[in-house]
Amino acid sequence: MKNLLMYLKNYKKECVLAPLFKMLEASFELIVPLVVSAIIDVGIADSDSGFILRMCLVMVALGLIGLICSVTAQYFAAKAAAGFGTKVRHALFAHIQTFSFSEIDKAGTATLITRMTSDINQAQSGVNMVLRLFLRSPFIVFGAMVMAFTIDWKAALIFVVTIPLLSLVVFGVMAVSIPLYRKVQERLDKVLGITRENLTGARVIRAFHKEEEEKERFEEGLESLTAMQTYVGKISAFLNPVTYVIVNGATIVLLYTGAIQVNIGNLTQGEVVALVNYMSQILVELIKLANLIVTITKAAACGNRVSSILEMKSSMPLTQEWKGSLDLEEKQEKDPEGIPMVQFSHVGLTYQEAGGESLSDIDFSVEKGETIGVIGGTGSGKTSLVHLIPRFYDVTRGEVLIQGKNVKEFSLEELRQKVGIVMQKAVLFQGTIRENLCWGKEDATDEELYQALDTAQAREVVESKEGKLDSIVEQGGKNFSGGQRQRLTIARALVRKPEILILDDSASALDYATDARLRKAIRDMEGKPTVFIVSQRTSSIQHADKIIVLDDGEVAGIGTHEKLLEQCQVYQEIYDSQYKKQ
């Protein structure tokens, strides 16, 4: 949590003024019992209605001034806390953007979302409460005791005994309950996890008729959570009665002592009432302080969770500054002759905490403008292979070269300017079609957008919409079919006219005719990009210049469609499974 406090450095003024105004409010609150004492001892005792009215106006004035101070403190505290939360969110989001797929896989998407939202909100709430109450409550407690001494030191000794007793009870209960609250949070997280699984996997659960089993699992989680919450609740419930017994006992002793002192003339009735008011203020503030410490504990735990992500270092830092992309003609002129566009040199890949290699001894080269097909069974490493080109993952053995240069020697921005990739899952963002396509190139003209749409066979998708390029895209592209989403994501990658285009099983929702037109249009593209097509269909890659067949992370064969049918058993099996002879 300490690492996060640096994000408050631009709010030093607010961090000083918020507790300052709160302490001013507390000061006025401590004066109120003295005013009440004066009303009783002077106004009521002498039946002086004018004095009573003046003192009542003084109390109203104290209340109004206290209210202004409180609102001002709240404003500064909220400004500092909201600014703190905003800066932490920006910093965390920017830091996550530097992560490679390895770090994202390690942390987990769900965890990153939780820390970006719930955890930062809790930390922000903790900052707000600390600025408002952390100094105010102790100030009231000790201020009330000091004010009691100014009235009568003998009666004030009751405060000296009562405050440590109350503190012992309050902080003792907290010391026991806070670790238990953490366990409650863990069990709540488990229940939320079960709930999320059931909501996201509702169709699968129904398909396998597992509703009853999931209900039982959910109920077990709830029972465990309920039992822990009940246990903690019993301990926490111990706080109020004990504190009230102590305070009421102290009040009785105070009234008894005060009555004796009043009888002998050492104290007035109003002063006794003031002492009782101070005792009540101490009780309220100690309860507030206890709740504040619980909030701070939760905020610190959440802050530590956020800090752990900020402390996670990216395995792929930017190695150099990229000055901007070259236009297509300059790229062609700068391409070195005789050097492969892409080369895998005895590449191996092992995922973090994996038992063995996912890719082993991958070795091949690709010339500029060639179309490469990648095929293999499920889990054979097709996606892992193409993800090494834009450095979504780093090789653990060997090297990947682009135009003779190791991909690690490029800055990430320079490297990814060269590569256009369409993922297996077609993702569109909320906005318009134009905004989605311009992810590929921010300043793309309508002509460039329609050119990419024509190549991706997606013009009809846009033309069928009322707003054309400015038609609304809902979050995740829910208002488009699977095939339409795939074609639009392909168009988005084509807008930037990449030197290397990777289609990772991105035409699986297209019919054979549309798929064939798409492949032909890509072959005829200006600039002849080097194309990698990952597919489960042999029909999608049979016209490729070279086909790489993967089997359990190893190359089972490389060659043309005809050559592989003759020499590669794995390819023959895949082909026969799709085109069985009658």
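**Close-up 1. Arg-136 and Glu-285, both buried in this predicted model.** A salt bridge joins these two side chains, with the closest N and O atoms 2.7 Å apart. The pair links distant parts of the chain, as Arg-136 belongs to helix α5 (residues 136–151) and Glu-285 to helix α10 (residues 269–310), 149 residues apart. Arg-136 has a relative accessibility of 3% and therefore counts as buried, the limit being under 20%.

**Close-up 2. The salt bridge between Arg-136 and Glu-25.** The side chains of Arg-136 and Glu-25 meet at 3.4 Å, N to O. Here too distant parts of the chain are linked, Arg-136 being in helix α5 and Glu-25 in helix α1, 111 residues apart. Glu-25 counts as buried because its relative accessibility is 14%, under the 20% limit.

**Close-up 3. The salt bridge between Glu-499 and Lys-418.** The closest N and O atoms of this pair are 3.5 Å apart. Elsewhere, salt bridges with shared partners join Lys-22, Glu-25, Glu-29, Arg-136 and Glu-285 into one network. The count for the model comes to 15 salt bridges.

**Close-up 4. Packing of helix α1 (residues 12–44) with helix α2 (residues 49–97).** The axes of α1 and α2 are 8 Å apart and form an angle of about 165°. The two helices are therefore roughly antiparallel to each other, since this description applies to angles over 145 degrees. The crossing of α1 past α2 is left-handed. Sorted by class, the residues in the contact of α1 with α2 comprise 27 nonpolar, four polar and four charged.

**Close-up 5. Strand β11 (residues 546–551) and its pairing partners β3 and β12.** Five of the six residues of β11 are buried, so the strand is largely enclosed by the rest of the structure. Strand β3 (residues 371–376) pairs with β11 in the parallel sense over five bridges, and Ile-372 stands opposite Lys-546 in β11. Strand β12 (residues 554–559) runs antiparallel to β11, and five bridges join these two strands. In that pairing, Ile-547 stands opposite Gly-559 in β12. The hairpin of β11 and β12 has two residues between the strands, and Asp-552 takes a positive phi near 55° there.

Notes: Residues numbered from 1 in each chain as written. Predicted model: local features only at pLDDT ≥ 70, side-chain atom pairs only at ≥ 80, totals over all residues. Heavy atoms only, no water. Axes fitted to C-alpha atoms, helices over the stretch in contact; angles between N-to-C directions. Helix = DSSP H or I, 4+ residues; strand = E, 2+ residues; numbered from the N terminus. Parallel < 35°, antiparallel > 145°, perpendicular 65-115°, else oblique. Left-handed = near helix turned anticlockwise from the far one by under 90°. Nonpolar A, V, L, I, M, F, W, Y, C, P; charged D, E, K, R; others polar. Buried < 20%, exposed > 50% of the residue type's maximum accessible area, 1.4 Å probe, protein only. Pairing = 2+ DSSP bridges. Salt bridge = Lys/Arg side-chain N within 4 Å of Asp/Glu carboxyl O.
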